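This briefing goes through a structure for a reader who has not seen it before.

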2 protein chains.
Amino acid sequence: MLVRINTAPRMSIDGHLAALAGEGMCYSEFRYRRGLEIFGEGEEPEYVYQIVSGAVRTYKLLPDGRRQINAFHLAGDMFGFENEAIHRFTAEAIVETHAHLMRRSSILEAVRNGGAGTKDLIKFVTQNLAHAESHMLLLGRKTSLERVTAFLLEMDERLHHPDVMILPMSRRDIADYLGLTLETVSRALSILRDEGLLRFDGNTQRRLELVDRDALAKIDA
Amino acid sequence: MLVRINTAPRMSIDGHLAALAGEGMCYSEFRYRRGLEIFGEGEEPEYVYQIVSGAVRTYKLLPDGRRQINAFHLAGDMFGFENEAIHRFTAEAIVETHAHLMRRSSILEAVRNGGAGTKDLIKFVTQNLAHAESHMLLLGRKTSLERVTAFLLEMDERLHHPDVMILPMSRRDIADYLGLTLETVSRALSILRDEGLLRFDGNTQRRLELVDRDALAKIDA
DNA sequence: CGCGGAGTTGATGATCTTCAAACATGGTGG
DNA sequence: CCACCATGTTTGAAGATCATCAACTCCGCG
């Protein structure tokens, strides 16, 4: 079902959670079923999360229901850190997801004490910011074909260039990430398939193979 | 050309730069003429900047010249901090701008030493991230009228609700911030003016007055 | 005065959305 | 095991929004 990366136990140096609060900090492990809300926009942040397996979407809603997905989080990714007293967006499990949780207060305290994890926290937030900036360029200035191509290449990279890419998210999720409709996403994928740049694996639409990454990279301006 | 104006030992307590690196840190003051590039995307970051007066745009470009402005920075705002070894975007003075500069290395060192400014740095990056997330919602899901209205309200707030708002940036800048064309921005402003929600002050197009902020807030979904 | 930059407005057109229909898929229970 | 239903996906046709192309105005400034 889901592509998995190694699940870093708590001692691993570059495991994010462990790095943040230092060794010896404990965390709990939770399991979220497909579609379940992990936390909601406006709620008080209690935990910071690291995904062991599964996938999570974080998004904002307009009052009339229009949705913008900020980011997808895959195995190994951390999310949910807040500096202020409320969550700025909602997080939901896209598929069955296992995550490690660490109390936010532990991390804030570690920062207050000048803990070693401070640098990692700054790095984490900065990486999120860098991603957001690139995504603003996509949302503000790229065509639908460029957006879908960029999405495929982003996922390809984050899944470490697998032969067959297994997408946990629906066309609607992709559309809400790219600022398009699901129909436009579907059409763009069909174009790329017809041009021979990608193949659908079997008869399922969520398993696909990037046949010509160079050509895709040329489309993504 | 850069003009070095003076060097001062320290600035006000609530100034961001001072908070970041602690007391006793030195900064220089520079002046940038209208249109001048302050730093370019991909360059090595040397300084962190705080605007004394003027306005700055930060943006990314696609190879064919399409531009996305991430943010406008006004008097009091800080910008240019990088955690990694290169600038992720370009910064230009929109109008004649005075800024305080502090060496990036000083700030990084302060963080390494567990300086008091670490918390402020995290706060600074997090605020940028929060802005970027809101802007992604705008770029991905709002209509042109909603975008322009949101822009006006954002500027109104950041300029502390002046009677007459003086915009330093051109219609093209606004368009590249909102993911629109300058014509669409102009049309949206005309609509808001015709509906009586704003007035142009005199016969210049950059001075305008928000007549009905509540109605504007209702348009901005 | 004339020139250039900035802005507005109009006509036309392309891209993307909306609406709609058909088909596929995967899970559930008889 | 298969029928069945909800959900997800593709594709087509029509329509809306925004972009493009173009003309014109308004200042500011030499």
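Domain bounds here come from an automatic or database domain assignment. For chain A that assignment gives domain 1 (16–118) and domain 2 (142–219), and the C-alpha centres of these two domains lie 26 Å apart. This is a predicted model, in which local features need pLDDT of at least 70 and side-chain atom pairs count only at pLDDT 80 or more, while totals for chains, interfaces and linings use all residues. Residues are numbered from 1 along each chain as its sequence is written, chains are lettered from A and ligands numbered from 1 in the order in which they are written, and side-chain values use heavy atoms, with hydrogens and water left out.

**Between the two domains of chain A**

- The contact (heavy atoms within 4.5 Å) takes 13 residues from domain 1 of chain A and 12 residues from domain 2 of chain A.
- Buried area is the accessible area (1.4 Å probe) that two parts lose on being put together, summed over both. Domain 1 of chain A and domain 2 of chain A bury about 1000 Å² between them, and carbon and sulfur atoms carry 56% of it.
- A:R67, A:F72 and A:L74 supply 57% of the area that domain 1 of chain A buries against domain 2 of chain A, more than any other three residues.
- There are 4 salt bridges between domain 1 of chain A and domain 2 of chain A, a salt bridge being a side-chain nitrogen of Lys or Arg within 4 Å of a carboxyl oxygen of Asp or Glu.
- A salt bridge joins the side chains of A:R158 and A:D77, at 2.7 Å from N to O.
- Helices (H or I, at least four residues) and strands (E, at least two) are DSSP runs, numbered from the N terminus. On the side of domain 1 of chain A that touches domain 2 of chain A, β4 (55–61) and β5 (67–74) of chain A each supply at least two residues.
- β5(A) gives the most to that side of domain 1 of chain A, with 8 residues.

**Between chain A and chain B**

- Contact involves 40 residues of chain A and 40 residues of chain B.
- About 3700 Å² is buried between chain A and chain B, with 67% of it from carbon and sulfur atoms.
- A:I122, A:M136 and A:R141 supply 20% of the area that chain A buries against chain B, more than any other three residues.
- The count of salt bridges between chain A and chain B is 6.
- A:R88 forms a salt bridge with B:E133, and their closest N and O atoms are 2.6 Å apart.
- The side of chain A that touches chain B receives two or more residues from each of β4, β5, α3 (117–141) and α5 (171–178) of chain A.
- α3(A) gives the most to this side of chain A, with 18 residues.

**Nonpolar cores**

- A nonpolar core is a set of buried Ala, Val, Leu, Ile, Met, Phe, Trp, Tyr and Cys residues joined through side-chain atoms within 4.5 Å. Buried means under 20% relative accessible area, exposed over 50%, and partly exposed in between (1.4 Å probe, protein chains only).
- The largest nonpolar core has 94 residues, and those with the most contacts inside it are A:V148, A:F151, A:L152, B:V148, B:F151 and B:L152.
- Neighbours within four places in sequence aside, A:L152 is in contact with A:M165, A:L189, A:L192, A:L198, A:L208 and A:L210.

**Salt bridges over all chains**

- Over all chains the count comes to 36 salt bridges.
- B:D173 and B:R67 form one of them, with the closest N and O atoms 2.8 Å apart.
- B:D173 lies in helix α5 (residues 171–178) of chain B and B:R67 in strand β6 (residues 67–74) of chain B, so the pair ties together parts that are 106 residues apart in sequence.
- Both B:D173 and B:R67 are buried.
- The side chains of B:R193 and B:D194 also meet in a salt bridge, at 3.1 Å from N to O. B:R193 is partly exposed at 38% relative accessibility, and B:D194 is exposed at 59%.
- B:R199 and B:E209 form a salt bridge at 3.4 Å, N to O. B:R199 is in strand β11 (residues 198–200) of chain B and B:E209 in strand β12 (residues 207–210) of chain B, 10 residues apart.
- Salt bridges that share partners join A:R57, A:R67, A:E92, A:D173, A:D176 and B:R141 into one network.
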